[in-house]
Amino acid sequence: MDPILRIEHVSKTYTGHKALDDVSMEVPRGSIYGLLGPNGAGKTTLIRVVNHMTIPDCGKVWFENHEITADDIYQIGYMPEERGLYKKMKVGDQAVFFARMRGMSRVDATRKLHEWFDRLGLSEWWDKKVEDLSKGMAQKVQFITTVVHEPKLLIFDEPFSGFDPINQNLLKEEILGLRDRGATVIFSTHNMESVEEICDDITLINKSHNILSGPVDEIRRKAGGNTFLVVYSGDTEQFNTSIDGKATLIGDSEGLIGGYTQQKIHIADDSDVRPVIGALNENVNLRSFQEIIPSMNDIFIRAVNGAL
Amino acid sequence: MSNKIGLIVEREFSERVRKKSFIVSTLLTPLFMIAMMVLPSVLMLKGNSDTKNVVVIDNSPNQFVGKQLTSGKTVSFNLLPEGEALGKARMQYKSEYGILVIGSDILDNPQNLQLILNDASSMSVEENIQSQIQGILRTERLKRYDLDNMDQILADANVRVNSLQTLKNNEQEDDSGMERTSTTASWAMGLILGMLLYFILIVYGQQVLQSVIDEKQTRVLDVMVTSCTPFELMMGKILGIAVVAALQIVIWAVLVIGASAFIMPLIAGQADMEAMTAAATAAASGSEFTGVLAKFTSVSYLAGLFLELLLYIVGGFLFYASMYAAIGSAVDTPQDAAQFNGIIMMPVIVAIMVMMSVMNDPNSTLVFWCSMIPFTSPIVMMARIPFGIPVWQVAVSLVVLYISFVLMTWIAARIFRVGVFMHGKKPTWKDLGAWIKMK
């Protein structure tokens, strides 16, 4: 499927500081796309380029198969990392105001917003002032104002920060729901668990460069590098000879409680695992055999340190 | 007007009008204004009783000066008998306001005149004494020529012109329908309106500044700039606050007029009111105000004048508000705004100074150009318009003013767009220039 958003060789320099250096990425339509990177890597600048808030020095941004224009930003819902709501304004009035700013009629906006407020448990706060809300509730209001006009593309900057685990889950469900109803979601985060759980694809930006891009499953499998964790009981020597020529040992074996031993092994890329399992099964009591898929957290740290 | 500007205006208006501070200031300011109106009158009435007592030691022949000095509201004279010693008087009359010492050769040497004070000096007392003595000496010197009917000549020569009728040339042979004009009244009216505009600029201009800074401090702008253009945002804010200002001023006008008609007599008390009315009548008699009242009875003239002045007040506010918006866009905190604030006030002060000079010549080159330049035109024109100036000048100046307003709002929007992403860094003038040019 054609990507909803394509970023081609975008660079942006602020006075004496390169925020983005030749960054390219493609966001597949209907996906949840994670934009990862350490603090100050250039994520927010990239988001601002997409939002047409910052004009890149060079490079192009394509939205729906045309170069993005100022009018396109109204089809993008953006929740900035630094949340902003008018503190003195009543919650409901404010939500209606933002919805109308994005082209909804007052009647539509009010109806839709009441649905959202009910769903996220905010109904009784409709007539309260924003400054009376807790941080989490203000976040929810901000989330609702971002999505209520049903934009094609949603961009969330750190959507889970400031939420307790229950509300994080609630929000996760809502984001997945939005995706299922046809929206494409880009979100930037440091929370790698949430990336594993809900992202289809990611781009990892470090020091203004795109250093890693692609589907999450593929990236993790690749980063694993065909290593496996084997748990067995039996003779270590026999274990070693039985895999000889088929796989190589990584590190030393480790004794486990209950007389089991655990060993990491590496199997040459593209080769079959069945001969290895067969040989082991004959010589030792095989307890488990499992591919090591690194967590996004590991991948993030290794990639940023240049060890991937 | 785009739908979004309308929405922002609506939000800005409804939020402000519902604030407690709006309601409080709307109700309290008229009270303050009425107090300002009542107090001077009350003080004036009180002040009249405070006559300064001056003891006079007159060494002139036959005390001819001292005998002719007349006591009035300002000064009351107490002429001491001939030959009174100054040293003794200085000790004896130390509780009086002062001692006036008139030299024996005063007629030939008018400088031989001293006022020894026990109290702070007062310009009105000095003026009173000087002018009285000047009159006395002039009369005495004329008398030295020993003409026959001296008294009659003097009385006849004492003429005053204080009611010059000024009329606007109607460029017709028939002199009916020529409008009366009045320099003093026109100028006073312009001055009052100019001050009103100045007041509006300071109070509501600051609100625009604050509003733009708030937008940045609450970080709403990230959301706003993805919903509308910065120009729409700036325009919406300026117009929204303008509507609030208009509403508040109308309420004030109604309250003050209502209060002065019904409440003031009650507060001031019947007796005081009568005294005040008497004082006001006395002040106005012989002045030009009666003529001016006649002029202002023409309804169409009044309506036209009001419309023109209104256009300037609105235009002046909008233009200055857009400058405040530009400053708000460039800075993060009201403290940072202070360094730019002076820049805004400078043209206002210049305008007020030029406005003062309008009375001398409402069509001088300086005044003309200052009434064309948008920075000064709203205030200077306030003073010029009542004098009756060509329509084309008003038209050109208004067009320039309103175009400048839109242009300045556009500049504010540009600065805003860039300034948004420059948190924590105070911009220099060079930065601002670069931001405006930036794509």
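## A salt bridge to start with

Let's begin with one pair of residues: B:Arg18 and A:Asp93 form a salt bridge, with their closest N and O atoms 3.5 Å apart. The term stands for a side-chain nitrogen of Lys or Arg within 4 Å of a carboxyl oxygen of Asp or Glu. Across the interface of chain B and chain A, the rule finds three salt bridges.

This is a predicted model, where local features need pLDDT of at least 70 and side-chain atom pairs count only at pLDDT 80 or more, while totals for chains, interfaces and linings use all residues. Residues are numbered from 1 along each chain as its sequence is written, chains are lettered from A in the order in which they are written, and side-chain values use heavy atoms, leaving out hydrogens and water.

## Where the chains meet

On the chain B side, 22 residues are in contact with 26 residues of chain A (contact means heavy atoms within 4.5 Å). About 2400 Å² is buried between the two chains, and carbon and sulfur atoms give 59% of that area. Buried area here is the accessible area (1.4 Å probe) that two parts lose on being put together, summed over both.

## A residue in chain A

Now for A:Gln238, which lies in helix 8 (residues 236–243) of chain A; helices are DSSP runs (H or I, at least four residues), numbered from the N terminus. A:Gln238 has a relative accessible area of 37%, so it counts as partly exposed, between buried (under 20%) and exposed (over 50%), with a 1.4 Å probe and protein chains only. A:Gln238 and A:Glu282 are 44 residues apart in sequence and 9.9 Å apart in space, C-alpha to C-alpha.

Note on methods:
Helices (H or I, at least four residues) and strands (E, at least two) are DSSP runs, numbered from the N terminus.
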